[in-house]
Amino acid sequence: MEEIKTKKEYSFYIYIIIIIAIVFFLLFSLYKFINKSEIQIYEVIPGEIISENKEIGLIIRDEEVILQNDDGYISYYAFDGSRIKKGSLVYTVSNEKIDNNNNYSMEEKDYNNIKNKLSKYASNINNLHFDLTYDYNTKINQSINELSFIQSNENTSVSSYLNKKNVYYAQNSGILSYHIDGFEKKTKEEIFSIDNIFDIENNSETVVNNNIKTDKGTIIAKIITNPTYEIIFKSDKLFLGELINKNIKIEFPLIRKTTNAKLTFSMINDEKYYVLTLDKYLEDLLDTRVLEFNIITSQTSGLKIPLKSIARKNCYILPKDFVIEDPLTREKYIYLLSKNEKIMLNDIDISKEDEKNYYIDFSSNSKLNMLDILQSSDYRTYTINSVSRMPGVYNVNKGYSVFKYVEILQETNEYAIIKKGLNYSLSSYDHIVLNQNDIKEGDLINK
């Protein structure tokens with residue numbers, strides 16, 4: 001009886017130990033689950049990396065100044081930035097101030113003109129140049145004032161004022177501008193002898209508004225007679241020497257536009273200056289003399305992924321001749337020779353392909369090993385002897401992690417641009433794990 005009792009007590013203690021172990025395991029699993037950091041998912045999007053060099057240059061245009069032909073009050077008949085023909089009416093001068101009640105209606109083109117000026121300002125707010133706020137406020141008011149007077153003038157017959165006013169007609173065709181900064185009549189040698197010529201804050205302009213009394217001989221406007229203009233700048237960048245007489249891509253942050261320009265150089269006052277020649281966006285830069293621009297040296301486009309999402313895995317390299325494709329199902333499989341036995345493996349996981357080879361992931365193809373022998377459909381053999389370590393990410397589109405190869409084109413400190421359109425790789429809007437350290441191959445994802 002005592003022996004039976006001892007056996008029962010022994011079994012009881014074993015059960016207690018098992019139950020305690022199970023409880024501890026469940027508690028430990030619960031603790032790990034509660035404290036497990038949430039896996040963050042990233043959606044793959046198209047992107048690009050632009051390598052650029054910032055420069056500051058001065059714009060040189062073919063500018064013909066328009067002088068006021070008599071003392072009196074100016075009335076304009078053409079908008080700032082408009083293209084005018086030779087013989088077009090530009091302004092009239094009156095001995096009396098014109099009574100303008102500002103009762104006018106704005107057309108869609110007028111709204112767009114004001115909106116473009118506001119957009120240009122909003123896109124370039126900079127704490128370092130906050131004082132330019134007042135400059136832009138003045139320009140907007142000038143545009144509205146200009147619109148008011150020109151509409152008022154258009155509603156009045158010019159011929160009825162010929163006896164009271166002096167009338168000025170354009171001597172040449174071109175783009176009209178009322179922004180005068182004092183550089184219009186200077187030569188390049190005179191301009192580039194000025195100290196701090198490339199300091200944006202040191203450049204100012206004046207605008208003679210409608211209905212303001214001014215003196216005869218005052219420069220009140222200018223006509224840009226040539227659509228081609230130059231941006232002249234100095235730089236110590238060595239790579240620019242290799243780009244002389246070539247078209248390069250430049251970006252204007254001020255107007256958020258990009259274009260091509262031919263790069264040359266010129267000696268001015270015995271100093272070397274670089275010269276960009278271009279013919280686009282002249283109207284957008286009429287009120288600008290000195291500006292910042294970026295020289296784009298490279299631009300890489302593709303899919304954008306975080307650097308920390310990229311893992312590295314070893315893959316077997318298999319010649320394509322030894323990977324057989326079923327003509328009906330398009331599934332791929334291989335024949336493995338083992339101990340005089342031919343085994344078909346139809347669950348191979350291809351990570352990458354090129355013209356000659358497939359790359360098979362180690363972890364997802366555990367039945368393969370180095371020095372294994374494969375057989376092709378025409379009975380040739382191949383011994384696995386090559387390995388490649390490949391970059392990739394964990395794709396979770398199907399609810400579990402799958403390693404996907406990526407071809408990195410360019411990197412920054414945080415992101416990489418990868419090639420799109422590759423077989424067995426990523427596509428736009430795929431979901432991947434943000435941090436590759438948080439997951440392993442085949443882990444389930446709770447979205």
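Here are some friendly notes on this predicted model, point by point.

1. Let's begin with helix α1, which spans residues 2-35 and holds I18. On the surface, I14, Y15, I16, I18, I19, I20, I22, V23, F24, F25, L26 and L27 make up a nonpolar patch, and their accessible area together comes to about 1,200 Å². I18 itself is partly exposed, at a relative accessible area of 42%.

2. Next, please look at the open sheet. Four strands build it in the order β3-β10-β8-β5, with antiparallel pairing. The edges are taken by β3 and β5 (83-84), and each has a single partner strand, so one side of each lacks a neighbour in the sheet. Within this sheet, β8 (residues 174-177) and β10 run antiparallel and are joined by three bridges.

3. The side chains of E63 and K222 come together at 3.3 Å, N to O. E63 sits in strand β3 (residues 63-67) and K222 in strand β10 (residues 219-224), so this pair ties together parts that lie 159 residues apart in sequence.

4. K313 and E441 meet through their side chains at 2.8 Å, N to O. This pair links distant parts of the chain, with K313 in strand β16 (residues 311-319) and E441 in the segment after β28 (431-433), 128 residues apart. K313 is buried at 12% relative accessible area, whereas E441 is partly exposed at 26%.

5. The other one joins the side chains of K320 and E353, again with a value of 2.8 Å, N to O. Here K320 belongs to the loop between β16 and β17 (324-325), while E353 belongs to strand β20 (residues 350-353); the two are 33 residues apart. K320 counts as partly exposed, with 24% relative accessibility, and E353 counts as partly exposed as well, with 23%. Elsewhere, salt bridges with shared partners connect R61, E63, D181, E184, K222 and R289 into one network. For the structure as a whole, the search finds 19 salt bridges.

6. What joins β14 to strand β11 (residues 229-233), and in which direction do the two run? Five bridges connect them, and the strands run antiparallel. Within that pairing, I232 has V275 of β14 as its bridge partner. Strand β13 (residues 257-268) also pairs with β14, through seven bridges and again antiparallel. On that side, K262 stands opposite T277 in β14. The hairpin of β13 and β14 has two residues between the strands, and N269 there takes a positive phi near 55 degrees. As a reminder when viewing these pairings, strands of a sheet pair through backbone hydrogen bonds, either parallel or antiparallel.

Terms used. Residues are numbered from 1 along each chain as its sequence is written. This is a predicted model: local features need pLDDT of at least 70, side-chain atom pairs count only at pLDDT 80 or more; totals for chains, interfaces and linings use all residues. Side-chain values use heavy atoms; hydrogens and water are left out. Patches are made of residues with over 30% relative accessible area and no salt bridge: like charges are joined within 9 Å, nonpolar side chains (Val, Leu, Ile, Met, Phe, Trp, Tyr) within 5 Å. Accessible areas come from the Shrake-Rupley method with a 1.4 Å probe; for residues, only the protein chains shown count as cover. A salt bridge is a side-chain nitrogen of Lys or Arg within 4 Å of a carboxyl oxygen of Asp or Glu. Buried means under 20% relative accessible area, exposed over 50%, partly exposed in between (1.4 Å probe, protein chains only). Two strands pair if DSSP finds at least two bridges between them.
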